[in-house]
Amino acid sequence: MFSTHPATSIMVCPAQQRREALLQLAAVHHPAQQAALQQALVKASTRPEGWSGLWVACQAGRVCAAAWVECQENRIAQLWLPKQNNQFVEPLLSQLHRWVATQGLVLCHVALDETMASWEAPLLNLGMQRLATLDHLAWHCRPVSHVRGLPPLRPFDELTPAQQQALVEQVGEGSLDCPALRDVLPAQALLEGFYHQASSACEHWYYLQGEQGRHAGLLLLDASPGREHWSVQLMGLVPGWRGQGQGKALVQQAQAMVAQAGASQLALTVDRDNLPAQRAYRQAGMLPAGEHQLLGWCVLPATELNCRA
């Protein structure tokens, strides 16, 4: 337990005050974040250590501010911010930053939409780095004609874990999509994160089989429980297959698949500075649907993470 004032204490949230603390999180009061937070809370409830990252600032026994570092299986964590930036928040987040550094994590991140833009400066002052500006794009499904010239798609789980990791590394080589994030997040952790996020048991994950059995790229799709809304978790080509119009064809293939499945929308996120990908997505009819600024505490270097794996 840490004290910033004789009457103010910062500590891991006591179990009996957990509900009070969770109501102090910004996402509880943010409609766009409520579903994701609910998912995170359900997962945390199934793990003994799930609440170790829920910290509070208390005064006279009352919770005045709360923040939660949701530690995930892939050594990545997400920061759930307090609902307001009051006098207790800076010492609370400073202590959380120190705690994160002891947990063997590679990254603790937070995504700020336009309603949360005022948090950027305080978080940068607390040691976070700007990782990317992310554009969210969406496509309202309609029939798509057969896509020609694209290598065959094969189930991703045909590959061994080592082959899967190697392909993710190849797709990331020279990619303009979130290079600062890739610098701190090795392919192993990135792939584990996709497994963690997938709600449809990875049944819509594919790799592109090029000539002579070489791997040309991958397409990882995820469907919502009702299968109305689909998202692209990762889409990309290995370096030798870029610049030939295959990127646009791969987007169109994804569109054809989700339209055939009866979905109403396909969504994805792309780095604003990744102009080739932006161009391919826009040419395929995907439209702007919002943006986020991605910030993070980059804790454990990727080289050290690989040594520990």
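This is a predicted model: local features need pLDDT of at least 70, side-chain atom pairs count only at pLDDT 80 or more; totals for chains, interfaces and linings use all residues.
Residues are numbered from 1 along each chain as its sequence is written, and side-chain values use heavy atoms, with hydrogens and water left out.

**Stop one: Gln170**

With a relative accessible area of 33%, Gln170 is partly exposed; buried means under 20% relative accessible area, exposed over 50%, and partly exposed in between, using a 1.4 Å probe and protein chains only. Show the surroundings of Gln170 and, leaving aside neighbours within four places in sequence, you will find it in contact with Val238, Pro239 and Arg242, contact meaning heavy atoms within 4.5 Å. A C-alpha to C-alpha line from Gln170 to Ala117 spans 34 Å, although the two are 53 residues apart in sequence.

Select Leu208 next, in strand β9, where a relative accessibility of 0% makes it count as buried. Its C-alpha atom is separated by 4.7 Å from that of Leu153, 55 residues away along the chain.

Now turn to the aromatic rings, for which the count comes to five pairs, where rings of Phe, Tyr and Trp (its six-membered ring) pair if their centres lie within 6.5 Å, with planes under 30 degrees apart counted as stacked, over 60 as edge-to-face and the rest as tilted. The rings of Trp68 and Trp80 have centres 6.4 Å apart and planes at 20°, so this pair is stacked. Because Trp68 lies in strand β4 (residues 62–71) and Trp80 in strand β5 (residues 76–80), the pair ties together parts that are 12 residues apart in sequence. Trp68 is buried at a relative accessible area of 0%, and Trp80 is buried as well, at 5%.

Phe156 and Trp205 have ring centres 5.7 Å apart and planes at 70°, so the pair is edge-to-face. This pair links distant parts of the chain, with Phe156 in the loop between β8 (153–155) and α5 (161–172) and Trp205 in strand β9 (residues 205–209), 49 residues apart. Both Phe156 and Trp205 are buried. To finish with the rings, colour Trp51, Trp68 and Trp80 together, which form one aromatic cluster.

Cys108 is placed in strand β6 (residues 107–112) and is buried, with a relative accessible area of 0%. Setting aside residues up to four places away in sequence, Cys108 touches, among others, Val69, Ala77, Leu79, Met128, Leu295 and Trp297. By contrast, the C-alpha atoms of Cys108 and Asn274, 166 residues apart along the chain, are separated by 23 Å.

From there move to Gln293 in strand β13 (residues 287–298), which is buried at a relative accessible area of 15%. The side chain of Gln293 reaches the backbone oxygen of Ala132 at 3.4 Å. Apart from neighbours within four places in sequence, the contacts of Gln293 include Val110, Leu112, Glu120, Arg130 and Thr133.

**Stop four: two positive phi angles**

Cys178, whose phi is about 55°, sits in the loop between α5 and α6 (179–184) and is buried, with a relative accessible area of 10%.

Technical notes:
Helices (H or I, at least four residues) and strands (E, at least two) are DSSP runs, numbered from the N terminus. A polar contact is a pair of N or O atoms within 3.5 Å; within protein, one must be able to donate a hydrogen and the other to accept it, and residues adjacent in sequence count only if both atoms are side-chain atoms.
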